[in-house]
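Biologist: Please take a close look at one part of this protein for me. Then set that part in the context of the whole chain.

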Amino acid sequence: MKDRILAKLKETYPDYISGAQLAERLGISRVAVWKHIESLKESGYDIVAVKGKGYYLQHPEQAIIPSVILENLADPCWGRPIFYTGQAESTNLWARQLLENEAVPEGALVLAGQQTGGKGRLGRRWSSPWGGLYFTLILRPALDLQRASLLSLVMAVACARSLHQNTGCTCGIKWPNDVFIQGRKVGGILLEASGEMDKLDYVIAGIGINVNLMPQDFPEEVRHMATSLAIATGHSYDLNQLVVSLLKDLRQDYYLFLQKGFQPFREVYKEYCIHWQQPIMVHTGKNYVKGVHKDLDANGSLLVEAANGEIISISTGDVHLIHYQEE
(Lines give C-alpha, C1' and ligand atoms only; values in the text may rest on other atoms or scores of the structure.)
Protein backbone atom coordinates (compact mmCIF):
# COMPACT_ATOMS: atom_id res chain seq x y z
CA MET A 1 0.00 0.00 0.00
CA LYS A 2 2.87 2.39 0.74
CA ASP A 3 4.08 1.86 -2.82
CA ARG A 4 0.65 2.80 -4.15
CA ILE A 5 0.58 5.94 -2.01
CA LEU A 6 4.00 6.97 -3.28
CA ALA A 7 2.91 6.36 -6.84
CA LYS A 8 -0.15 8.59 -6.34
CA LEU A 9 1.95 11.34 -4.73
CA LYS A 10 4.39 11.19 -7.62
CA GLU A 11 1.56 11.12 -10.16
CA THR A 12 -0.03 14.29 -8.76
CA TYR A 13 3.28 16.19 -8.45
CA PRO A 14 3.63 19.21 -8.33
CA ASP A 15 0.12 19.41 -6.86
CA TYR A 16 -1.09 18.39 -3.43
CA ILE A 17 -3.46 15.48 -2.91
CA SER A 18 -5.71 15.29 0.12
CA GLY A 19 -5.94 12.42 2.54
CA ALA A 20 -9.60 11.99 1.55
CA GLN A 21 -8.68 11.69 -2.14
CA LEU A 22 -5.96 9.16 -1.37
CA ALA A 23 -8.33 7.15 0.81
CA GLU A 24 -11.02 7.11 -1.88
CA ARG A 25 -8.67 6.18 -4.74
CA LEU A 26 -6.92 3.45 -2.76
CA GLY A 27 -9.97 2.06 -0.98
CA ILE A 28 -8.63 2.56 2.53
CA SER A 29 -9.50 4.82 5.48
CA ARG A 30 -8.03 8.27 6.04
CA VAL A 31 -6.49 6.98 9.26
CA ALA A 32 -4.75 4.24 7.27
CA VAL A 33 -3.49 6.86 4.81
CA TRP A 34 -2.07 8.92 7.67
CA LYS A 35 -0.34 5.89 9.23
CA HIS A 36 1.23 4.92 5.90
CA ILE A 37 2.36 8.51 5.28
CA GLU A 38 3.98 8.68 8.72
CA SER A 39 5.75 5.37 8.08
CA LEU A 40 7.02 6.65 4.73
CA LYS A 41 8.31 9.83 6.36
CA GLU A 42 10.13 7.76 8.99
CA SER A 43 11.72 5.78 6.15
CA GLY A 44 13.16 9.00 4.73
CA TYR A 45 10.64 10.07 2.09
CA ASP A 46 10.30 13.85 2.00
CA ILE A 47 6.52 14.22 2.28
CA VAL A 48 5.01 17.53 3.34
CA ALA A 49 1.57 17.71 4.95
CA VAL A 50 -0.28 21.05 4.81
CA LYS A 51 -3.66 21.51 6.48
CA GLY A 52 -6.35 22.27 3.95
CA LYS A 53 -4.22 21.09 1.01
CA GLY A 54 -3.11 17.56 1.73
CA TYR A 55 0.15 15.81 1.02
CA TYR A 56 3.00 16.76 -1.28
CA LEU A 57 6.06 14.70 -2.25
CA GLN A 58 9.21 16.77 -2.50
CA HIS A 59 11.93 15.64 -4.91
CA PRO A 60 9.80 12.88 -6.49
CA GLU A 61 12.69 11.81 -8.72
CA GLN A 62 14.43 10.57 -5.57
CA ALA A 63 11.49 8.50 -4.39
CA ILE A 64 12.33 4.84 -5.00
CA ILE A 65 9.11 2.94 -5.68
CA PRO A 66 9.66 -0.83 -6.03
CA SER A 67 6.37 -1.40 -7.89
CA VAL A 68 7.40 1.16 -10.54
CA ILE A 69 10.74 -0.61 -10.97
CA LEU A 70 9.03 -4.01 -11.31
CA GLU A 71 6.58 -2.69 -13.91
CA ASN A 72 9.43 -1.49 -16.12
CA LEU A 73 11.95 -4.32 -15.89
CA ALA A 74 12.96 -5.68 -19.29
CA ASP A 75 13.43 -9.24 -18.00
CA PRO A 76 10.92 -10.98 -15.70
CA CYS A 77 13.68 -12.87 -13.86
CA TRP A 78 16.23 -10.07 -13.42
CA GLY A 79 15.60 -7.62 -10.62
CA ARG A 80 12.98 -9.87 -9.00
CA PRO A 81 12.16 -10.11 -6.22
CA ILE A 82 13.00 -6.66 -4.91
CA PHE A 83 13.99 -6.30 -1.28
CA TYR A 84 13.74 -2.61 -0.45
CA THR A 85 14.20 -0.50 2.65
CA GLY A 86 14.58 3.23 3.15
CA GLN A 87 17.73 2.74 5.21
CA ALA A 88 20.15 -0.16 5.55
CA GLU A 89 23.58 -0.52 7.04
CA SER A 90 24.75 -2.01 3.74
CA THR A 91 22.88 -3.69 0.88
CA ASN A 92 25.69 -6.27 0.59
CA LEU A 93 25.35 -7.10 4.27
CA TRP A 94 21.57 -7.34 3.94
CA ALA A 95 21.96 -9.60 0.89
CA ARG A 96 24.23 -11.97 2.86
CA GLN A 97 21.70 -12.07 5.69
CA LEU A 98 18.90 -12.89 3.23
CA LEU A 99 20.96 -15.70 1.70
CA GLU A 100 21.55 -17.21 5.13
CA ASN A 101 17.84 -17.49 5.81
CA GLU A 102 16.11 -18.20 2.52
CA ALA A 103 16.60 -19.48 -1.03
CA VAL A 104 17.00 -16.21 -2.93
CA PRO A 105 17.00 -16.65 -6.73
CA GLU A 106 19.61 -15.30 -9.13
CA GLY A 107 18.85 -11.76 -10.21
CA ALA A 108 17.22 -10.74 -6.93
CA LEU A 109 17.65 -7.04 -6.18
CA VAL A 110 18.48 -5.65 -2.73
CA LEU A 111 17.96 -1.90 -2.67
CA ALA A 112 18.19 0.87 -0.08
CA GLY A 113 17.40 4.57 -0.11
CA GLN A 114 20.52 5.23 1.96
CA GLN A 115 23.23 3.26 3.75
CA THR A 116 24.67 3.96 7.18
CA GLY A 117 27.65 1.63 6.75
CA GLY A 118 28.27 1.41 3.02
CA LYS A 119 31.71 0.11 2.02
CA GLY A 120 33.85 0.26 -1.09
CA ARG A 121 36.98 -1.59 -2.07
CA LEU A 122 39.76 -2.15 0.48
CA GLY A 123 37.34 -1.57 3.35
CA ARG A 124 36.86 2.11 2.60
CA ARG A 125 33.66 3.83 3.70
CA TRP A 126 31.21 4.65 0.92
CA SER A 127 29.17 7.74 1.75
CA SER A 128 25.56 6.82 0.95
CA PRO A 129 23.09 9.64 1.66
CA TRP A 130 19.65 10.04 0.11
CA GLY A 131 19.83 10.85 -3.59
CA GLY A 132 22.10 8.01 -4.68
CA LEU A 133 21.48 4.49 -5.96
CA TYR A 134 22.70 1.75 -3.63
CA PHE A 135 21.84 -1.78 -4.62
CA THR A 136 23.10 -5.35 -4.63
CA LEU A 137 22.44 -8.07 -7.17
CA ILE A 138 22.46 -11.69 -6.06
CA LEU A 139 24.10 -13.87 -8.71
CA ARG A 140 24.73 -17.60 -8.98
CA PRO A 141 27.27 -17.97 -11.82
CA ALA A 142 28.78 -21.38 -12.55
CA LEU A 143 32.31 -20.00 -12.22
CA ASP A 144 35.41 -20.53 -10.14
CA LEU A 145 36.67 -17.71 -7.93
CA GLN A 146 39.28 -16.43 -10.39
CA ARG A 147 36.84 -16.08 -13.27
CA ALA A 148 34.16 -14.62 -11.01
CA SER A 149 36.56 -11.82 -10.01
CA LEU A 150 36.40 -10.62 -13.63
CA LEU A 151 32.73 -9.82 -13.10
CA SER A 152 33.69 -6.60 -11.33
CA LEU A 153 35.44 -5.37 -14.50
CA VAL A 154 32.54 -6.48 -16.69
CA MET A 155 30.05 -4.68 -14.47
CA ALA A 156 32.19 -1.55 -14.48
CA VAL A 157 31.96 -1.54 -18.28
CA ALA A 158 28.19 -2.05 -18.14
CA CYS A 159 27.76 0.81 -15.63
CA ALA A 160 30.02 3.21 -17.54
CA ARG A 161 28.19 2.50 -20.80
CA SER A 162 24.76 2.77 -19.20
CA LEU A 163 25.53 6.04 -17.43
CA HIS A 164 26.94 7.50 -20.64
CA GLN A 165 23.74 6.57 -22.51
CA ASN A 166 21.57 8.08 -19.78
CA THR A 167 23.50 11.30 -19.25
CA GLY A 168 25.54 11.96 -22.40
CA CYS A 169 28.60 12.38 -20.17
CA THR A 170 31.81 10.63 -21.08
CA CYS A 171 32.42 8.00 -18.43
CA GLY A 172 35.67 6.27 -17.58
CA ILE A 173 36.90 3.43 -15.38
CA LYS A 174 39.74 3.44 -12.87
CA TRP A 175 40.99 -0.10 -12.47
CA PRO A 176 39.46 -2.29 -11.46
CA ASN A 177 35.90 -0.99 -11.13
CA ASP A 178 35.57 2.66 -10.12
CA VAL A 179 33.44 4.71 -12.52
CA PHE A 180 34.55 8.28 -13.19
CA ILE A 181 33.03 11.37 -14.82
CA GLN A 182 35.10 14.49 -15.48
CA GLY A 183 38.01 13.14 -13.48
CA ARG A 184 36.00 12.40 -10.35
CA LYS A 185 34.48 9.23 -8.95
CA VAL A 186 30.76 8.82 -9.54
CA GLY A 187 30.30 5.14 -8.73
CA GLY A 188 31.89 1.91 -7.65
CA ILE A 189 31.36 -1.84 -7.42
CA LEU A 190 32.08 -4.27 -4.60
CA LEU A 191 31.86 -8.02 -5.29
CA GLU A 192 31.77 -10.60 -2.53
CA ALA A 193 31.64 -14.36 -3.11
CA SER A 194 30.85 -17.45 -1.08
CA GLY A 195 31.73 -21.07 -1.83
CA GLU A 196 34.75 -23.11 -2.80
CA MET A 197 37.62 -21.89 -4.98
CA ASP A 198 36.44 -24.05 -7.90
CA LYS A 199 32.68 -23.65 -7.40
CA LEU A 200 30.87 -20.68 -5.94
CA ASP A 201 27.55 -20.79 -4.14
CA TYR A 202 26.77 -17.18 -4.96
CA VAL A 203 28.20 -13.76 -5.76
CA ILE A 204 26.76 -10.54 -4.38
CA ALA A 205 27.48 -7.52 -6.53
CA GLY A 206 27.12 -4.23 -4.70
CA ILE A 207 26.83 -1.11 -6.83
CA GLY A 208 26.77 2.50 -5.66
CA ILE A 209 26.10 5.46 -7.95
CA ASN A 210 26.11 9.11 -6.88
CA VAL A 211 23.03 10.33 -8.72
CA ASN A 212 21.31 13.45 -7.32
CA LEU A 213 23.88 14.38 -4.68
CA MET A 214 25.20 17.93 -4.34
CA PRO A 215 28.72 18.88 -3.13
CA GLN A 216 27.47 19.48 0.42
CA ASP A 217 26.11 15.92 0.55
CA PHE A 218 29.63 14.46 0.43
CA PRO A 219 31.92 14.28 3.45
CA GLU A 220 34.34 17.20 3.32
CA GLU A 221 37.38 14.94 2.94
CA VAL A 222 36.13 13.49 -0.40
CA ARG A 223 34.48 16.51 -2.02
CA HIS A 224 37.52 17.20 -4.17
CA MET A 225 37.48 13.69 -5.65
CA ALA A 226 33.77 12.78 -5.83
CA THR A 227 30.99 13.88 -8.15
CA SER A 228 27.44 12.93 -9.06
CA LEU A 229 25.34 12.76 -12.21
CA ALA A 230 23.48 15.87 -11.08
CA ILE A 231 26.70 17.83 -10.53
CA ALA A 232 28.11 16.73 -13.88
CA THR A 233 25.00 17.50 -15.93
CA GLY A 234 23.18 20.19 -13.99
CA HIS A 235 19.92 18.30 -13.52
CA SER A 236 18.50 15.45 -11.45
CA TYR A 237 17.51 11.93 -12.50
CA ASP A 238 14.61 9.65 -11.66
CA LEU A 239 16.14 6.87 -9.56
CA ASN A 240 13.52 4.32 -10.67
CA GLN A 241 14.22 4.87 -14.36
CA LEU A 242 17.95 4.83 -13.81
CA VAL A 243 18.02 1.55 -11.89
CA VAL A 244 15.84 -0.09 -14.57
CA SER A 245 18.29 1.05 -17.26
CA LEU A 246 21.31 -0.12 -15.26
CA LEU A 247 19.74 -3.51 -14.62
CA LYS A 248 19.10 -4.01 -18.33
CA ASP A 249 22.72 -3.26 -19.23
CA LEU A 250 24.15 -5.25 -16.33
CA ARG A 251 22.04 -8.27 -17.27
CA GLN A 252 23.10 -8.08 -20.91
CA ASP A 253 26.82 -7.97 -20.12
CA TYR A 254 26.57 -10.55 -17.33
CA TYR A 255 25.14 -13.21 -19.63
CA LEU A 256 27.51 -12.30 -22.46
CA PHE A 257 30.38 -12.81 -20.02
CA LEU A 258 29.01 -16.20 -18.92
CA GLN A 259 28.75 -17.28 -22.56
CA LYS A 260 31.96 -15.89 -24.03
CA GLY A 261 34.23 -14.98 -21.14
CA PHE A 262 36.20 -11.79 -20.67
CA GLN A 263 37.60 -11.51 -24.19
CA PRO A 264 34.64 -9.50 -25.64
CA PHE A 265 35.14 -6.95 -22.86
CA ARG A 266 38.91 -6.65 -22.83
CA GLU A 267 39.27 -4.06 -25.60
CA VAL A 268 36.16 -2.18 -24.51
CA TYR A 269 37.54 -1.98 -20.99
CA LYS A 270 40.76 -0.43 -22.29
CA GLU A 271 38.74 2.22 -24.16
CA TYR A 272 36.99 3.21 -20.93
CA CYS A 273 40.09 3.01 -18.73
CA ILE A 274 41.16 6.52 -17.68
CA HIS A 275 44.83 5.59 -17.18
CA TRP A 276 45.36 3.47 -20.28
CA GLN A 277 48.93 4.12 -21.52
CA GLN A 278 49.34 6.67 -18.72
CA PRO A 279 51.88 6.86 -15.86
CA ILE A 280 50.46 5.38 -12.67
CA MET A 281 51.48 4.26 -9.22
CA VAL A 282 49.81 1.17 -7.75
CA HIS A 283 49.71 0.36 -4.06
CA THR A 284 49.53 -3.43 -3.96
CA GLY A 285 49.18 -3.64 -0.20
CA LYS A 286 52.78 -4.70 0.18
CA ASN A 287 54.61 -2.09 -1.88
CA TYR A 288 54.25 0.58 -4.55
CA VAL A 289 54.70 -0.12 -8.27
CA LYS A 290 55.37 2.87 -10.49
CA GLY A 291 55.30 2.81 -14.28
CA VAL A 292 53.13 3.11 -17.38
CA HIS A 293 49.91 1.14 -17.72
CA LYS A 294 50.62 -0.85 -20.88
CA ASP A 295 47.96 -3.52 -21.05
CA LEU A 296 45.29 -5.62 -19.39
CA ASP A 297 45.73 -9.38 -19.51
CA ALA A 298 43.08 -12.08 -19.96
CA ASN A 299 42.69 -12.37 -16.18
CA GLY A 300 41.98 -8.64 -15.77
CA SER A 301 45.38 -7.91 -14.23
CA LEU A 302 47.20 -4.64 -14.90
CA LEU A 303 50.40 -4.90 -16.90
CA VAL A 304 52.65 -2.04 -15.86
CA GLU A 305 55.95 -1.20 -17.55
CA ALA A 306 58.50 -0.06 -14.98
CA ALA A 307 61.29 2.45 -15.71
CA ASN A 308 63.75 -0.40 -16.40
CA GLY A 309 61.44 -1.89 -19.03
CA GLU A 310 60.21 -4.76 -16.85
CA ILE A 311 56.52 -5.67 -17.29
CA ILE A 312 54.88 -6.19 -13.91
CA SER A 313 51.54 -7.99 -13.55
CA ILE A 314 49.28 -6.66 -10.78
CA SER A 315 46.15 -8.57 -9.81
CA THR A 316 45.04 -6.41 -6.89
CA GLY A 317 45.82 -2.90 -5.74
CA ASP A 318 44.89 0.75 -5.61
CA VAL A 319 45.73 2.86 -8.67
CA HIS A 320 46.94 6.45 -8.38
CA LEU A 321 47.29 8.57 -11.49
CA ILE A 322 50.53 10.49 -11.86
CA HIS A 323 50.26 13.94 -13.41
CA TYR A 324 53.56 15.39 -14.53
CA GLN A 325 53.87 19.15 -14.37
CA GLU A 326 55.49 20.95 -17.24
CA GLU A 327 58.51 23.01 -16.25
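This is a predicted model: local features need pLDDT of at least 70, side-chain atom pairs count only at pLDDT 80 or more; totals for chains, interfaces and linings use all residues.

Modeller: In H7, 14 of the 17 residues are buried, so the helix is largely enclosed by the rest of the structure. Buried here means under 20% relative accessible area.

Now the geometry. H7 covers residues 151-167. From its first C-alpha to its last, the helix reaches 24 Å. That is close to the 24 Å expected at 1.5 Å a residue. Just after H7 comes glycine 168, with a positive phi of about 80°.

Next, the setting. Across the 327 residues of the protein, 50% count as buried.

Then the overall dimensions. The radius of gyration is 22 Å. A compact globule of 327 residues would have a value near 20 Å, so the two agree. Along the principal axes, the C-alpha atoms fill a box of roughly 75 × 50 × 30 Å.

Last, the surface and the charges. The accessible surface comes to about 15,800 Å². Carbon and sulfur atoms account for 48% of that area. The protein carries 32 positive and 35 negative charges.

How values were computed. Residues are numbered from 1 along each chain as its sequence is written. Side-chain values use heavy atoms; hydrogens and water are left out. The radius of gyration is taken over C-alpha atoms; the globule rule is 2.2 Å times the number of residues to the power 0.38. Buried means under 20% relative accessible area, exposed over 50%, partly exposed in between (1.4 Å probe, protein chains only). Accessible areas come from the Shrake-Rupley method with a 1.4 Å probe; for residues, only the protein chains shown count as cover. Lys and Arg count as positive and Asp and Glu as negative; His and the chain ends are not counted. The place of a charge is taken as NZ of Lys, CZ of Arg, CG of Asp or CD of Glu. Helices (H or I, at least four residues) and strands (E, at least two) are DSSP runs, numbered from the N terminus. The expected span of a helix is 1.5 Å times one less than its number of residues.
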